[in-house]
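Hi,

Here is the structure I said I would pass on. Have a look at it first, and then read on for what turned up when I went through it.

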Amino acid sequence: MDLIPKPDQVVAAAGNVAHTLLYGGLADLRPMPRTLIDDGELREVYHYRPAKGVEPTGDPVLLVTPLAAPALCFDLRRGCSLVEHLVSQGRPTYLVEYGQVSFRNRALGVEHWVDEVLPEAIRTVHEHSGGRGVHLVGWSLGGIFAMLVAADRTDLPIASLTVVGSPVDVTKVPLVAPVRPLLNLTQGRGAITRAYRALGGVPTPLVNWAFTAASAQKVVTKPLAVLTHLDDTDYLAQLEAVSRFMSSMTAYPGRTFGQLYHRFVKGNALASGRMEVGDRAVDLAAIEVPVLVFAGNTDGIAPLPAVRAVVPLLSGSEQVRFEVVPGGHLGMLTGRAARGTTWQAIDEWVDAWSGREPAAPATEAPPRKKAAAKKASAKKASAKKAPAKKAPARKAASPGAIGSNPTRRYGSAGSRALGPR
């Protein structure tokens, strides 16, 4: 909106204000229709119903929600919903979320998601879609869980992996890096440890506060942003949808939060590519499927260096592609610019790796061994002797596609396809 508004801007602003007062908002917050097809302890697997007049074809996409954040991250609002986009493209679309975490879930650790929740969800989607390979798309911690599962369970029918805004090296996260030395001084006996153990986890109000604090600058400048965009209906609708998302956070189970806090934040375990899960070490080098990694150019929670650190760790992957896209932590996934950047790249990636014969799903999880890390290393060594796998033929990228236009505003040397090393 101009400093001295034009007549059409005044009319648009007045219309937006009137619509907000009369109807309570501008955003179309109707959720995409879905059906529950499987559930268990902190596991709900949904299938999104096909769009009218669109016949679903191709491999299924399974959206992996992070802990504490609601599934709204994938279905923010009509017109700015990754789910809506995928369904309208005729893609079989599924989602796994975890429901409400309570005090009785306090004993569940990271292994619950790596050993049970995600593997069961993948098997369910594989069977429901007619035995096709499953393309995982995980945002934030959901992306980290997806990588741990892909590394730990190479027998699962995973066709490809897409990781959106998942920080691997937390020393490169400005919000965390300054306090990490202080966290290590307490040797696991600090106030944070005592608090989450007493509460059985991190309750919803604290999660809401933490997410708001991470976006403090946007919160402070929001009133001014609203005033200067009163004539922009789409912008105001997006603000409404984001506000609803931020007020819908859920809690963390106590043991899971403790593991993430001590191993991931304090110990920076994943920066080496290996993390303890249950009684074993899971090595990201064991991931064999192709991996697409996204970083947001203004993401303060998972900044570009923290996300890019995963690329050299994926040495066993058939192909790794790293993309820098516009937006912050949520915006890169479901912001207005994501419609022509992140979503388009996901479409191309899934198309490129679809139609291949998936791994036969195991009816039961294979026996766990503490020597899993050594096994992964031996596998990596044997892979060097074997001839490199040939990637399937890929469709020619359209002129506006991510990675196809070297002059695009958000291009960088980091946005490239990386072959296996």
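Predicted model: local features only at pLDDT ≥ 70, side-chain atom pairs only at ≥ 80, totals over all residues.

Strand β1 covers residues 34-40 and strand β2 covers residues 43-48; the two run antiparallel and are joined by six bridges. Together β1 and β2 make a hairpin with two residues between them. In the turn you'll find leucine 42, with a positive phi of about 50°.

β2 also has a partner in strand β4 (residues 93-97): these two run antiparallel as well, with four bridges joining them. Here glutamate 44 turns up again, standing opposite glutamate 97 in β4. Is β2 enclosed or open? Five of its six residues are buried, so β2 is largely enclosed by the rest of the structure.

Now zoom out for a moment. The chain has 421 residues, and 51% of them count as buried. Its secondary structure comes to 14 helices and 13 strands. If you take the contacts between residues at least 6 apart in sequence, 82% of them join residues at least 24 apart.

Next, the nonpolar cores. How many residues does the largest one have? The count is 58, and the residues with the most contacts inside this core are Leu62, Val96, Met147, Leu148, Leu161, Leu284 and Ile287. Helix α4 gives the most to it, with nine residues. Apart from this core lies another, made of 36 residues, including Ala69, Ala71, Leu82 and Met332.

If you leave aside neighbours within four places in sequence, valine 96 touches Arg43, Glu44, Val45, Leu62, Leu63, Val64, Thr65, Val117, Leu118 and Ala121.

On to a pair of helices. α3 spans residues 110-128 and α4 spans residues 141-152; they pack at an angle of about 80°, and their axes are 10 Å apart. An angle from 65 to 115 degrees counts as roughly perpendicular, and α3 and α4 are therefore roughly perpendicular to each other. Which residues meet there? From α3 come Val110, Trp113, Val114, Asp115, Leu118, Pro119 and Ile122, and from α4 come Phe145, Ala146, Leu148, Val149 and Asp152. By type, the residues of this contact divide into ten nonpolar, two charged and no polar.

Staying in helix α3, have a look at threonine 124. Threonine 124 has a relative accessible area of 15%, so it is buried. Beyond its neighbours within four places in sequence, threonine 124 is in contact with Ile37, Asp38 and Val45. Threonine 124 and aspartate 38 are 86 residues apart along the chain, yet their C-alpha atoms are separated by 7.1 Å.

- Serine 140 is in the loop between β5 (134-139) and α4. Its phi is positive, about 55°, although serine 140 is not a glycine. With a relative accessible area of 15%, serine 140 is buried.
- Asparagine 268 is in the loop between α10 (254-266) and β9 (274-277). Asparagine 268 has a positive phi too, near 50°, and is a residue other than glycine. Asparagine 268 is buried, at a relative accessible area of 11%.
- Glutamate 288 is in the loop between β10 (280-283) and β11 (291-296). Is glutamate 288 buried or partly exposed? Because its relative accessibility is 32%, glutamate 288 counts as partly exposed. The C-alpha atoms of glutamate 288 and glutamate 318 are separated by 5.7 Å, with the two residues 30 apart along the chain.

One last stop is helix α13 (residues 342-352). α13 is mostly covered, with ten of its eleven residues buried. Among the buried ones are Trp343, Ile346, Trp349 and Val350.

That's the tour. Enjoy looking around!

Conventions
Residues numbered from 1 in each chain as written. Heavy atoms only, no water. Axes fitted to C-alpha atoms, helices over the stretch in contact; angles between N-to-C directions. Parallel < 35°, antiparallel > 145°, perpendicular 65-115°, else oblique. Contact = heavy atoms within 4.5 Å. Nonpolar A, V, L, I, M, F, W, Y, C, P; charged D, E, K, R; others polar. Core = buried A, V, L, I, M, F, W, Y, C linked by side-chain atoms within 4.5 Å. Buried < 20%, exposed > 50% of the residue type's maximum accessible area, 1.4 Å probe, protein only. Pairing = 2+ DSSP bridges.
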